[in-house]
Amino acid sequence: MTSHPPALDELDRKIIAALIANARTSFAEIGAEIGLSAPAVKRRVDRLKEAEVITGFTTMVSPEALGWGTEAYVEVYCDSAAPPRRLADVVRDYPEITAAMTVTGGADALLHIRATGIQHFEEVLERIRAEPFIRKTISVIVLSHLLAGSPEAAASPTSPTAPSRRGGETNRH
């Protein structure tokens, strides 16, 4: 039996949008914005967590502040015998790989890699290419982020200035 995602009403969507914009927003602040009490917001957030609509909260850190100033996307092409779980086992061994997914198109997977510099990136890429089931890779180095608030930008200070986004609307400060 497959479970269906719970139906979200407009208040749930507003709560989710507020938490996406800033996960540290208090229930009282969210409630004041959408017309609910803080306990009512908490009950809804608890329900959304229980239903796995909200799957967690996170902190975004500037990668440059941690010394990870080089960023790239790498298309990975595997031998036909390489199932996704085999690739998943490999990418877990690389702290430089911040995201990995199987994709449609010519490539089998797409990796998001952070490194301390080009030399470090090249070393990571060579280790990935050495895996016996990887046929080839195609790399693209990121120059700048066009959406400064995106998770990939991770609050990067080198990102172009862009308005904050909350639920598709520009914040009014």
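Reply: Please do. The model is a predicted one. Its largest nonpolar core has 20 residues, and those with the most contacts inside it are Leu-111, Ile-113 and Ile-128. Strands β1 (70–78) and β3 (109–115) and helices α4 (84–91) and α5 each supply at least two residues of this core. A second, separate core has 10 residues, among them Ile-16, Ala-18, Ile-34 and Ile-54.

Me: Which residues does Ile-113 touch, not counting residues up to four places away in sequence?

Reply: Ile-113 touches Thr-70, Glu-71, Ala-72, Val-74, Glu-96, Ile-97, Phe-121, Val-124 and Ile-128. Contact here requires heavy atoms within 4.5 Å.

Me: Why is Val-90 called buried?

Reply: The term buried applies under 20% relative accessible area. Val-90 has a relative accessible area of 11%, and therefore it is called buried. This residue lies in helix α4. Leaving aside neighbours within four places in sequence, Val-90 is in contact with Glu-131 and Phe-133. The C-alpha atoms of Val-90 and Ile-128 are separated by 8.3 Å, although the two residues are 38 residues apart along the chain.

Me: What makes the pair Asp-9 and Arg-44 a salt bridge?

Reply: A salt bridge requires a side-chain nitrogen of Lys or Arg within 4 Å of a carboxyl oxygen of Asp or Glu. For Asp-9 and Arg-44 the N to O distance is 2.9 Å, so the pair meets the requirement. The pair links distant parts of the chain, 35 residues apart: Asp-9 is in the segment before α1 (10–21), and Arg-44 is in helix α3 (residues 38–50).

Me: Are Asp-9 and Arg-44 buried or exposed?

Reply: Asp-9 has a relative accessible area of 32%, which lies between the limits of 20% and 50%, so Asp-9 is partly exposed. Arg-44, at 18%, falls under 20% and is therefore buried.

Me: How do you know that Lys-42 and Asp-46 form a salt bridge, and what separates them along the helix?

Reply: Their N to O distance is 2.5 Å, which is within 4 Å, so the pair counts as a salt bridge. The two residues are four residues apart in helix α3, so about one helical turn separates them. Lys-42 is partly exposed, with a relative accessible area of 39%. Asp-46 is also partly exposed, at 32%.

Me: Which parts does the pair of Arg-114 and Glu-71 tie together?

Reply: Arg-114 lies in strand β3 and Glu-71 in strand β1, so the pair ties together parts that are 43 residues apart in sequence. Their side chains meet in a salt bridge at 3.3 Å, N to O. Arg-114 has 7% relative accessibility, which is under 20%, and therefore counts as buried. Glu-71 has a relative accessible area of 4% and is buried for the corresponding reason.

Me: What makes Ile-118, Ile-141 and Leu-143 a patch?

Reply: Nonpolar side chains with over 30% relative accessible area are joined into a patch within 5 Å. Ile-118, Ile-141 and Leu-143 form such a nonpolar patch on the surface, with about 340 Å² of accessible area together. Of these residues, Ile-118 is found in helix α5 (residues 118–129).

Key. Residues are numbered from 1 along each chain as its sequence is written. This is a predicted model: local features need pLDDT of at least 70, side-chain atom pairs count only at pLDDT 80 or more; totals for chains, interfaces and linings use all residues. Side-chain values use heavy atoms; hydrogens and water are left out. Patches are made of residues with over 30% relative accessible area and no salt bridge: like charges are joined within 9 Å, nonpolar side chains (Val, Leu, Ile, Met, Phe, Trp, Tyr) within 5 Å. Accessible areas come from the Shrake-Rupley method with a 1.4 Å probe; for residues, only the protein chains shown count as cover. A nonpolar core is a set of buried Ala, Val, Leu, Ile, Met, Phe, Trp, Tyr and Cys residues joined through side-chain atoms within 4.5 Å. Buried means under 20% relative accessible area, exposed over 50%, partly exposed in between (1.4 Å probe, protein chains only).
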